[in-house]
Amino acid sequence: MKQYLRFIDRVQKINAGLELTHFEIKMLDFAALLHFSDQSIFVGDLINQTHIASQATLHKTVKNLVNKKLLVAKMSKEDGRQKHVLLTRLALGRYKKLDQAVSRATV
């Protein structure tokens, strides 16, 4: 029980250090799932996740993650109407810290 609570506390501290909101965490985690499964990510894919929030909220969330330097959106070379999304080093660092927190909690 204590390991789990320490893990939750660590996750909250990691997210607080990046000043992430609930929706930003959900959106970043969705993008990371695609990233780590080697799938391309487009802004449209992110803002269509209406099970997380409305499209307007998701659009703002993506914009906030770009402003926080956790995501980068680049115009697609194949289709100029689409923006390809990439996780930044800062975002990847967050997942490395989360992975370490899981490892410590399960030892």
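Tutor: From the N terminus on, the elements of the protein chain run α-α-α-α-β-β-α. That gives five helices and two strands. Keep in mind that this is a predicted model.

Student: What does the C-alpha trace of the protein chain span along its principal axes?

Tutor: About 50 × 25 × 20 Å. Of the 107 residues, 36% count as buried.

Student: How do you know that the span of helix 2 agrees with its number of residues?

Tutor: Helix 2 covers residues 22-36, which is 15 residues. At 1.5 Å a residue, helix 2 should span 21 Å. The end C-alpha atoms of helix 2 are 21 Å apart, so the two values agree.

Student: Which residues of helix 2 are buried, and what covers them?

Tutor: The buried ones are Glu 24, Ile 25, Met 27, Leu 28, Phe 30, Ala 31, Ala 32 and Leu 34. Their cover includes helix 1, helix 3, helix 4, strand 1, strand 2 and helix 5. Just after helix 2, Asp 38 takes a positive phi of about 60°.

Student: Why is Glu 24 called buried?

Tutor: Buried means under 20% relative accessible area. Glu 24 has 3%, so Glu 24 is buried.

Student: What makes Glu 24 and Lys 68 a salt bridge?

Tutor: The rule asks for a side-chain nitrogen of Lys or Arg within 4 Å of a carboxyl oxygen of Asp or Glu. Here the N to O distance is 2.6 Å, and the side chains meet in a salt bridge. The pair links distant parts of the chain: Glu 24 is in helix 2, while Lys 68 is in the loop between helix 4 and strand 1, 44 residues apart. Lys 68 has a relative accessible area of 27%, so Lys 68 is partly exposed.

Student: How many salt bridges are there by this rule?

Tutor: The count is three. One of them joins Asp 29 and Arg 94, with the closest N and O atoms 3.2 Å apart. Asp 29 lies in helix 2 and Arg 94 in helix 5, so this pair ties together parts that are 65 residues apart in sequence.

Student: Are Asp 29 and Arg 94 buried or partly exposed?

Tutor: Arg 94 has 3% relative accessibility, so Arg 94 counts as buried. Asp 29 has a relative accessible area of 29%, so Asp 29 is partly exposed.

Student: Which salt bridge does Lys 13 form?

Tutor: Lys 13 forms one with Asp 9, the closest N and O atoms being 3.2 Å apart. The two are four residues apart in helix 1, so about one helical turn separates them. Asp 9 is partly exposed, at 35% relative accessibility.

Student: How many aromatic pairs does the structure hold, and why is the pair of Phe 36 and Tyr 95 called edge-to-face?

Tutor: The structure holds one. Ring centres must lie within 6.5 Å, and planes over 60 degrees apart count as edge-to-face. The rings of Phe 36 and Tyr 95 have centres 6.0 Å apart and planes at 75°, so the pair is edge-to-face. Phe 36 lies in helix 2 and Tyr 95 in helix 5, so the pair ties together parts 59 residues apart in sequence.

Student: Where does the charged end of Arg 94 sit?

Tutor: Over the ring of Tyr 95, 4.9 Å from its centre. Tyr 95 has a relative accessible area of 15%, so Tyr 95 is buried.

Methods. Residues numbered from 1 in each chain as written. Predicted model: local features only at pLDDT ≥ 70, side-chain atom pairs only at ≥ 80, totals over all residues. Heavy atoms only, no water. Expected span 1.5 Å × (residues − 1). Buried < 20%, exposed > 50% of the residue type's maximum accessible area, 1.4 Å probe, protein only. Contact = heavy atoms within 4.5 Å. Phe/Tyr/Trp six-rings, centres within 6.5 Å; stacked < 30°, edge-to-face > 60°. Lys NZ or Arg CZ within 6 Å of the ring centre and 35° of its normal.
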